[in-house]
Amino acid sequence: MMPVKIPPLPLTGGCQCGRVRYEIRAVPAMFYLCHCTECQRQTSSAFGESLRCEPASVAVTGGMHTTRRVAENGSVRLGDFCPDCGVRILHRSEGDPGRLNVKAGTLDDAAWLVPAGHIWTRSKQAFVTIGEDELAYRQGPEDGGSAMKARWRQMLGIEGE
């Protein structure tokens with residue numbers, strides 16, 4: 001397990017054109033990679049990078065538009081993006097106000113990130129290698145992400161709580 005050194009708060013980021021900016025004012029709950037086909041499509045890449053944050057700790061400036069889709073499990077997923085350049089900034093679940101993911105590729109400095117786990121690996125790209133010591137779930141984690149959150153805290157060197 002690789003240790004992670006989080007930069008000083010707030011973490012900052014934004015879209016490609018600069019219209020939308022944000023600050024994350026508290027330590028994120030976890031960072032993970034999602035290999036589902038929806039994340040692959042949305043990012044035009046092999047996976048999506050999700051930095052789970054407490055919604056009250058994220059301050060956004062600039063107006064965003066929202067997309068809506070029904071996930072495989074029936075929940076409604078919302079994606080917030082810049083209406084000018086189209087970069088997705090956030091995703092969340094309708095009816096779950098405590099769940100907010102910042103798309104980590106939009107951070108001004110993402111070089112410090114190391115995933116605590118991988119989800120939806122059943123659809124991962126063949127060239128992506130996941131180490132035997134990494135947490136990996138064929139679908140979404142049945143524990144709601146508890147093991148990934150605990151691993152993230154270990155990676156950050158945060159004990160207890």
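## Paired strands and the nonpolar core

Strand 8 and strand 9 run antiparallel and are joined by 3 bridges. The model described here is predicted. Within this pair, Asn 101 of strand 9 stands opposite His 91. The two strands form a hairpin with 6 residues between them, and Gly 95 there takes a positive phi near 80°.

Strand 8 also pairs with strand 7, which covers residues 76–81; these two strands run antiparallel, with 5 bridges joining them. Here Leu 90 in strand 8 is the bridge partner of Asp 80. A hairpin is formed by strand 7 and strand 8 too, and Gly 86 in its turn has a positive phi of about 85°.

| Hairpin | Residues between the strands | Glycine with positive phi |
|---|---|---|
| Strand 7 and strand 8 | 6 residues | Gly 86, about 85° |
| Strand 8 and strand 9 | 6 residues | Gly 95, near 80° |

The largest nonpolar core holds 34 residues, of which Ile 24, Leu 51, Val 102, Leu 107, Leu 113 and Trp 152 touch the most other members. At least two residues of this core come from each of strand 2 (21–24), strand 3 (30–34), strand 4 (48–53), strand 8 (88–93), strand 9 (100–103) and helix 2 (146–156). Strand 3 gives the most, with 5 residues.

Leaving aside neighbours within four places in sequence, Ile 24 is in contact with Leu 9, Pro 10, Leu 11, Leu 51, Cys 53, Ser 57, Val 58, Val 102 and Leu 107.

Notes. Residues are numbered from 1 along each chain as its sequence is written. This is a predicted model: local features need pLDDT of at least 70, side-chain atom pairs count only at pLDDT 80 or more; totals for chains, interfaces and linings use all residues. Side-chain values use heavy atoms; hydrogens and water are left out. A nonpolar core is a set of buried Ala, Val, Leu, Ile, Met, Phe, Trp, Tyr and Cys residues joined through side-chain atoms within 4.5 Å. Buried means under 20% relative accessible area, exposed over 50%, partly exposed in between (1.4 Å probe, protein chains only). Helices (H or I, at least four residues) and strands (E, at least two) are DSSP runs, numbered from the N terminus. Contact means heavy atoms within 4.5 Å. Two strands pair if DSSP finds at least two bridges between them.
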